[in-house]
Amino acid sequence: PLSSVLCPLSSVLGPLSSVPTMPTQSSRRHFLGLCGGSVALTAVGSWKTVAKAFGEPSQGPYKIGICDWDLQLRGNPQAFALVKELGFEGVQVSYEPEGEFSLAKPENDQLFLEAAKNAEVAIASLAMGLLNGRPLATVPEAEGWVADCIKAMSRMGVDQALIAFFAEGDIKEKPEQRAPVIEKLKRLAPQAEAAKKILGIESYFDAREHLKMLEAIGSDAVKVYYDEQNMLTQKYPIYEDLELLLKEKAICQIHAKEYDHRLGEGSVDFPRIRKLLEKYDYRGWLVVESAVRGDWKESQAANAAYLKKTFRG
C-alpha cells in the first residue's frame, strides 16, 4: 500500500539555502504523456553509481525518503521516478492549495498514486511548507487548507502531514501567533482524529515547548515532526530533546538533515540517533532534507546510501 508511517520546511522561506531553485512545473498534459510507464529520466553520471553502491539492503524498521522540494519537483508527480533512481523509497509530497498539480483537486490524486506505483516508491507524507509564507495563525484561508490536506490524505492513503511554522509563520520568534495556532489546531484535530491521520508540527521550539503545545491542543492526532539539524542550529541539546520526545511518543516523523554537508559529514551524530530510535522503538520514516555539498543529485544519492548503511547495517 502507499500509506506511510512525518520540519522547517525551510525550503520555502527558511534557512535551506542549499536547495536548487525550483523550475516551472511541467504541464499536466506533458506529465500524462510521460506516464505510459515510469517517467523517463535522462539523468546520468556519478550519482547513479553512488545510488547503487550499497546494493539492495535488507528491509529494516526505517524507510528512507526525501522531500520533493529537494528534487526540484515541488508538488510534482515526476518526483517519484527520480527518487527511485537516487535510491530512496519514498517522497514527502508538497501540498499546495492552488496550481496545476494541486492536491486540493481530487482529480490529481491519481497522478501521484500512479506515479508512485510505477516507480515502486511510497508517499512518505504530505507537507504544508506554504504555511511558512502564509501562516496558519494569520491567513484566514489557512485553516481550510489544512482541512483540505486531511481530506487529501484520506483519499490517497497517506497517514501524516507536516505543518510548518517558520519564517512568517514562526511561533517561537512571534509569540503572538501561538494562541491562534493552538486554537486552530484544536479545531482541526478532531478532523484528523476521525480520518486517523496525524498532523506533525515542525517549529523552532525545543522538546519541552513542543510538549506544552501538544498538551494545550490535547489530541493524539497532533505530534512533532522532528528535525535534528534545525534544533542544533538553535543550540538545543538535540539528543536529550529527541529522547524526551521519543519517550513521550510525541514524534511522528523525522527529517535527516545537514546544512552545507552531506549526511554523515556534518555535525549530526546519526549512529547515536539510531540508538535512540531503537531504544524507543521508532519505526517511521527518515526523510532527507537539504544535506547537499556540490552536485545535488550526487549528494542525494550519497545521502540515501548513507542512511541505508547507517540505519540498516
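**Strand pairing and helix packing**

Tutor: Let us begin with a pair of residues: Val287 of β8 is the bridge partner of His255. This is a predicted model, in which local features need pLDDT of at least 70 and side-chain atom pairs count only at pLDDT 80 or more, while totals for chains, interfaces and linings use all residues. Residues are numbered from 1 along each chain as its sequence is written, and side-chain values use heavy atoms, with hydrogens and water left out.

Student: How do you know that β7 and β8 pair?
Tutor: Two strands pair if DSSP finds at least two bridges between them. Strand β7 (residues 251-258) is joined to β8 by 5 bridges, and the two run parallel; β7 and β8 are therefore paired. Strands themselves are DSSP runs (E, at least two residues), as are helices (H or I, at least four), and both are numbered from the N terminus.

Student: What joins β1 to β8?
Tutor: Strand β1 (residues 63-67) has 4 bridges to β8, again running parallel. Gly65 has Val287 as its bridge partner, and Lys63 stands opposite Trp285.

Student: What makes the strands a closed barrel?
Tutor: The 8 strands run β1-β2-β3-β4-β5-β6-β7-β8 with parallel pairing, forming a closed barrel. From one strand to the next, the twist averages 30°.

Student: Why is β8 called mostly covered?
Tutor: A residue is buried under 20% relative accessible area, exposed over 50% and partly exposed in between (1.4 Å probe, protein chains only). In β8 (residues 285-290), 6 of its 6 residues are buried, so the strand is described as mostly covered.

Student: Why are α10 and α11 called oblique?
Tutor: Angles run from 0 to 180 degrees between N-to-C directions, and axes are lines fitted to C-alpha atoms, for helices over the stretch in contact. Angles under 35 degrees count as roughly parallel, over 145 as roughly antiparallel, 65 to 115 as roughly perpendicular and the rest as oblique. The axes of α10 (residues 270-279) and α11 (residues 296-312) come within 9 Å and cross at roughly 50°; the two helices are therefore oblique to each other.

Student: Which residues make the contact between them?
Tutor: Contact means heavy atoms within 4.5 Å. Phe270, Pro271, Ile273, Arg274 and Leu277 of α10 meet Tyr306, Thr310, Phe311 and Arg312 of α11.
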